Amino acid sequence: MQTSPVTCLNYINGQWLPSNTRDTAESRNPADWRELVATFPRSTTSDVDAAVEAARQAYHSWRLVPAPARAELIFRVSELLLLKKEEFAYLMSREMGKPLTEARGDVQEGIDCAFYYAGEGRRLFGVTTPSELADKFAMTVRMPVGVCALITPWNFPLAIPCWKAMPALVCGNTIILKPAKDTPACATLLIQTFHEAGFPPGVVNLIHGSGGEIGRELVAHPGIDLVSFTGSSKTGAEVGEIAGRTYKRVCLEMGGKNAQVVMEDADLDLALEGALWGAFGTTGQRCTATSRLILHRDIKAAFTEKLLEKTAQLKLGAGIDSETDVGPLINSSQRERVRRYVGVARDEGAKILIGGDIARDEDLQYGYFFQPTIFDAVKPQMRVAREEIFGPVVSLLEVDSFEDAIAILNDTPYGLSSSIYTRDVNRAFQAMRDVEAGITYINGPTIGAEVHLPFGGVKQTGNGHREAGSAALDVFSEWKTVYVDFSGRLQRAQIDNR
Ligand code: UN1
């Protein structure tokens, strides 16, 4: 497995290039910041212009490549990713800290996604439907949108770029990936895979840099037609505003404040396993992470006791260590943010049952580790019950009825994932109907979405789009409605047939 630092470059028009100024920045291992994982270009406006120009040029011919042929290249990427799964998983663990088992899952999600959209090349279905007029044919076909900027976060360094790139490419768009500055090496390995698969120059481009500089440039650039962004709701709102000024299509996947409800009739051991995985998996750094546990009064004490016992046993460490349950946070500012929220919780009157501080163990001193943390006595109006924290922190809220549980679950500005543990089928169906979220799990944790189903949320989580599944095709294509009149005469709809 590779351990020497990776030299990442931009990939523009099929060429690996440094930034125009040759400036670079570093990516370091969050479990041990003494380890340099990669250097990457600090791109400039002229690098962005070059990438957009390359993608625009390539678009003219790529859109005309038959979709099954486009899909064959995507299929080739899936096969190559399968071969590189271990290499990828190790690099990911070192670059962003998640345990190897989870890193393998992230890579697998990218592979699944690539196979899924490769299959779409022979579907991309539109509809044919009768015309209201005689001797007239009506149908819809999918058209590509153009040049797409894909702005992706560090928490799923392979899966999320794949969620965006694969549907974009199969629909006939060209892409510019702008990965998070915390995971440039993962993005580089992915784009190398596209290069090896044989995509024509300019169809796939990669540009490194920070969101505030390079991301912003892409969003504002007149040569970009579509922006697909995953990140915080605050940044997403800015992306939407800036992109809206130039009439771009914008797909925003943003924050969550996901809750798991545990009713008094639930299988408590199952609910416990789900809560631990949902809250502390990926160190809580998933937009689908469980950050609230809404517990029925009758089971709260027993459930909390077991939860504390299990939480105390979680082992913090580097992702590549097979003993590790919980990896580090991504960087120092995220760790500071989590620490600040502990102060907020305290000031608001929440009780810290476990954790609440950075990890003090000597062997963790060079990483951004934070103790798995549980807040009790949390009320729905508290900030820690409403704001996304993105760390190994979960708030306990008590309810005494199903109705209250659903009301509290819905009482946040977000609406991504949700979960309820109950054995009562009536309540399960009521929850499916009444929960305000894009994803609802019954007797499963809030994390674990699969690539062939729509992914996204309501309220401040999204702007009406979905990623993954066939829903993502609607993001990356425009419908064209085609009428063919073979009557040989002018037929006026709504008039001549009345
Ligand atoms: C994210 O956190 O942005 O459902 C994506 C899940 C994963 C994807 C999470 N399959 O938790």
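The lining of the second largest pocket takes at least three residues from domain 1 (6-254 + 462-481) and at least three from domain 2 (258-442). The model is predicted. This second largest pocket holds about 340 Å³ of space. Its lining consists of 19 residues, and Glu 26, Ser 27, Phe 40, Lys 181 and Asp 182 are the closest to the centre. Two or more lining residues come from each of β4 (24-28) and α7. β4 contributes the most to the lining of the second largest pocket, namely four residues.

The largest pocket has a volume of about 1100 Å³. Domain 1 (6-254 + 462-481) and domain 2 (258-442) both contribute to its lining, so the largest pocket lies between them. There are 43 lining residues, with Trp 154, Phe 229, Gly 231, Ser 232 and Thr 235 nearest the centre of the largest pocket. At least two lining residues are supplied by each of α7 (211-220), β11 (226-230), α8 (233-245) and α11 (332-348). Among these elements, α8 provides the largest share of the lining, six residues.

Notes:
Residues numbered from 1 in each chain as written. Predicted model: local features only at pLDDT ≥ 70, side-chain atom pairs only at ≥ 80, totals over all residues. Heavy atoms only, no water. 1 Å grid on protein atoms, 1.4 Å probe; cavity = no way out; pocket = protein on both sides within 12 Å on 5 of 7 lines; lining within 4 Å. Points joined across faces, edges and corners; volume = space filled by probe spheres on them. Domains from an automatic or database assignment.
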